[in-house]
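The sequence and model come next.

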Amino acid sequence: MAKPLKKLVSCVILDLDGTLLNTDGVVSEVLKGFLAKYGKQWDGREAQRIVGKTPLEAAAAVVEEYGLPCGKEEFLAELHPVFYAQLCNIKPLPGASRLLKHLSGHGVPMALASNSPRGSIESKISYHQGWKDYFSAIVGGDEVTAGKPSPEIFLEAAKRLNREPSSCLVIEDSMPGVTAGKAAGMEVVAVPSVPKQAHLYTSADEVINSLLDLQPEKWGLPPFQDWIEGTLPTEPWYISGPVIKGFGRGSKVLGIPTANLSPKGHSSLLSEHPSGVYFGWAGLSTRGVYKMVMSIGWNPYFNNAEKTIEPWLLHEFTEDFYGEELRLVIVGYLRPEVNFPSLESLIAKIHEDKRIAERALDLPLYSKHKDDPYLSSSLHSESNHS
């Protein structure tokens, strides 16, 4: 249940890249290919410096960091057509379409405010059905004298919505965006797009892990009605691989025997889905189909160096099954990853997750996926189910 109201708002202003759209994934792919021509390797270290920047600022950061033998304008001119060709491949972030549909359905006015040029914003949203109609106003970085972190872009959006800045809620993924929203006198929810950076967003009024975790009622907006017995149904998604030895802490430290999958080869899927706790069905080709709850992410209590996939099959097995092919159909979301003050509280929460998932998977909405042919077949490849 949501905490008491923070402050009433009457409209929502959203950033686009990294907040509603998973632009970062496509940007990384384009940069990888581009830098390879110069014998350089994109390693993502610049992600933090380019998030929320204008295209020219982002280009300047990459040129400088990698010591490229070209100017930022030249770099941008060369990158532009390659990036534009990929616009159709940018997917909405989980929870984005749900949020837009929900607010629009309740008549909450919305604006888009992005440092990208107006034309680029319109091109990007044109690939997502109905999105253009959700927004009463769109403000691009080329329509103001200064982009974020200047508040101008948000003040212009409020003006076009005919609302006072103090009645606007801003949803942003970047530090420049959060700074701009606060400078405009607005309430700001941060959804950090760069992992493990949440602690830097202290100026935001609230920091959430993903749009799935937004509770509009905290701001006096209509609450979501789609949670069912503590679970949020999602479009099913699929992942498979041989069971690997994890950190050994699942059964040893926690008393919870997880059947880990290697994150290798799953990087695009892992960047698409926010860290958190999910549930669904697990198939082992020689053994059968089982209820499953899993965590994806950095496991803040243990501070993992990379995002991990740790499913827990809710069944008493008498032997290990390392190396066996495990196929997962994920059908719902439970909660974001959080850090726990103690090992006991972490273990208690994982057992609560188990109870909620076990009960929910008996509901027809979720139980029907137990018969998904993906779970019992070794013939399908994961790419058929992306």
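The model is predicted, with local features needing pLDDT of at least 70 and side-chain atom pairs pLDDT 80 or more, while totals for chains, interfaces and linings use all residues. Residues are numbered from 1 along each chain as its sequence is written, and side-chain values use heavy atoms, without hydrogens and water.

**Helix packing**

- Helix α1 spans residues 23-37 and helix α4 residues 72-85; they pack at about 125 degrees, with axes 11 Å apart.
- The crossing of α1 past α4 is right-handed.
- On α1 the contact (heavy atoms within 4.5 Å) uses Thr 23, Val 26, Val 27, Val 30, Leu 31, Phe 34 and Lys 37.
- On α4 the contact is made by Phe 75, Glu 78, Leu 79, Val 82 and Phe 83.
- By class, this contact has nine nonpolar, one polar and two charged residues.

**Strands**

- Strand β1 (residues 11-14) pairs with β2 in the parallel sense over three bridges; a pair needs at least two DSSP bridges.
- Val 12 is opposite Met 110 of β2.
- Strand β3 (residues 137-139) also runs parallel to β2, joined by three bridges.
- Ala 137 in β3 is the bridge partner of Ala 111.
- In β2 (residues 110-113), Met 110 and Leu 112 point one way, Ala 111 and Ala 113 the other, and all are buried (under 20% relative accessible area, 1.4 Å probe, protein chains only).
- In a regular strand, side chains alternate between the two faces of the sheet.

Methods
Buried < 20%, exposed > 50% of the residue type's maximum accessible area, 1.4 Å probe, protein only. Helix = DSSP H or I, 4+ residues; strand = E, 2+ residues; numbered from the N terminus. Axes fitted to C-alpha atoms, helices over the stretch in contact; angles between N-to-C directions. Left-handed = near helix turned anticlockwise from the far one by under 90°. Nonpolar A, V, L, I, M, F, W, Y, C, P; charged D, E, K, R; others polar.
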